[in-house]
Amino acid sequence: MRTERTSVWEDMPVIELANKMLDDKTAEYAVLNESGELKGFVTFDDIKKLSDEQRYILKVSDMMPSLDRVSDVIQEEEEAIEALKRMM
């Protein structure tokens, strides 16, 4: 489990996120809107699919996959054993 913050704002420039991923050695971040609600996830693989030009002009919200691609989200109030079962 990670204790550091692994989320970014949806209006962050993609190039800034790419640099953050490299600096933090973290390949996936949760994406939050201005209200702090989860909008989805973005990975380093998602960024690698973009052209160099796109990385400089797009924001995270422009390129992140929809939250619908996440088929099984664990809720905060669920038991840890349930999370472990789903991961397996």
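The following legends describe close-up views of a predicted model.

**View 1. The three-strand sheet.** The strands form an open sheet in the order S1-S2-S3, and their pairing is mixed. S1 and strand S3 (38–43) are the edge strands; each has a single partner strand, so one side of each lacks a neighbour in the sheet. On average, neighbouring strands of this sheet are turned by 35 degrees against each other, direction ignored. Strands of a sheet pair through backbone hydrogen bonds, in either a parallel or an antiparallel manner.

**View 2. Ser7 in strand S1.** Ser7 belongs to strand S1, which covers residues 7–9. Its relative accessibility is 18%, so Ser7 counts as buried, the cut-off being under 20%. Apart from neighbours within four places in sequence, Ser7 contacts Tyr29, Ala30 and Leu32.

**View 3. Pairing of S2 with S3.** Strand S2 (residues 28–32) and S3 run antiparallel and are joined by five bridges. Two residue pairs are picked out here. Val42 in S3 stands opposite Tyr29, and Phe41 in S3 is the bridge partner of Ala30. In a regular strand, side chains alternate between the two faces of the sheet.

**View 4. The hairpin of S2 and S3.** Five residues lie between the two strands of this hairpin, where Gly36 adopts a positive phi near 85 degrees.

**View 5. Helix H1 against the sheet.** Helix H1, made up of residues 14–24, lies across S1, S2 and S3. The helix runs at about 135 degrees to S2.

Notes: Residues numbered from 1 in each chain as written. Predicted model: local features only at pLDDT ≥ 70, side-chain atom pairs only at ≥ 80, totals over all residues. Heavy atoms only, no water. Helix = DSSP H or I, 4+ residues; strand = E, 2+ residues; numbered from the N terminus. Buried < 20%, exposed > 50% of the residue type's maximum accessible area, 1.4 Å probe, protein only. Contact = heavy atoms within 4.5 Å. Pairing = 2+ DSSP bridges. Axes fitted to C-alpha atoms, helices over the stretch in contact; angles between N-to-C directions.
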